[in-house]
Amino acid sequence: TVTKTFRYRIYPTKEQAVLLAKHFGAKRFVFNYFLDQRKQAYLESKKSLNYYDNAKALTEIKKDPAFVWMKEINSQSLQAALRDLDVAYNRFFRKEARFPRFKSKRDGQSFRIPQFVEYESGQLWLPKFKDPIEVREDRPLTGRILFATVSRKTTGKYFVSITVETEHVPYPKNDKAVGVDLGVKTLAVCSDGKTYPNIKVFKKYQRKLAYEQRQLAKKEKGKNSRKRQRRVVAKVYERMTNIRLNHLHQVSSRL
């Protein structure tokens, strides 16, 4: 058995989108709040807080009337945010990553649901949600669901990544072998003479991207027109990314 992740686009209703936004904001608040707590504790007393210290403090915070809004949020998703912070801290001290940064509402948003995720026939059931969320199923989901991650891109699109435990069926073996040389001008050159071009997506969209970025620079900060134009720029970047990924997936599938 192996773990495998299925990624689908979801279409929440307006009410569900509001509740999703609350989950995104709560996850961001917990991550930033306890990141600041860890920094202050180390600066003031050279003490390093861990996940259990933060989890205990989170339980006390939820009892404060000022944070009554946290009752609308799945408690396990908040604990998952603490896990993410703890992992980021440990990776920094192992010199595997940079020091954790504060989350911004302008970036892509996400939160994880560790348990009680149900999926059936294009319907996604999550804790704290009364009705299922519609899913565009482009391939069937197989295996036992472990957890799920809901995300919202800067373009405003919603996705869910469902991680499952399933049986792995390997491809049948054959006697063919090929050597692959990766390059810059050419993406890959194979030992059998086959070459795969390195597509120039940025060059194709350079003028459009520059135009949309100039329009963004003209918009006044804080206005809705600037928010809309920022989404237009994000869609151009998304289009470029999708083209690159599609090309890489096609080449790897052929190989």
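Residues are numbered from 1 along each chain as its sequence is written. In this predicted model, local features need pLDDT of at least 70, and side-chain atom pairs count only at pLDDT 80 or more, while totals for chains, interfaces and linings use all residues.

**Exercise 1.** Find how helices H1 and H2 pack: what are the angle and the distance between their axes?

Solution. Two packed helices are described by the angle between their axes and the distance between the axes. Take helix H1 (residues 14-45) and helix H2 (residues 51-61). Helices are DSSP runs of H or I, at least four residues, numbered from the N terminus. The angle is about 120°, and the axes lie 11 Å apart. So H1 is oblique to H2. Angles under 35 degrees count as roughly parallel, over 145 as roughly antiparallel, 65 to 115 as roughly perpendicular and the rest as oblique.

**Exercise 2.** Locate Lys46 and decide: is Lys46 buried or exposed?

Solution. Start with the place: Lys46 sits in the loop between H1 and H2. Next, the backbone: phi of Lys46 is near 55°, a positive value in a residue other than glycine. Now the cut-offs: buried means under 20% relative accessible area, exposed over 50%, partly exposed in between (1.4 Å probe, protein chains only). Lys46 has a relative accessible area of 59%, so Lys46 is exposed.

**Exercise 3.** Treat Lys95 likewise: where is Lys95 placed?

Solution. Lys95 lies in the loop between helix H3 (75-93) and strand E2 (109-113). A strand is a DSSP run of E, at least two residues. Phi of Lys95 is near 60°, again positive in a residue other than glycine. Relative accessibility is 77%, so Lys95 counts as exposed.

Methods. Heavy atoms only, no water. Axes fitted to C-alpha atoms, helices over the stretch in contact; angles between N-to-C directions.
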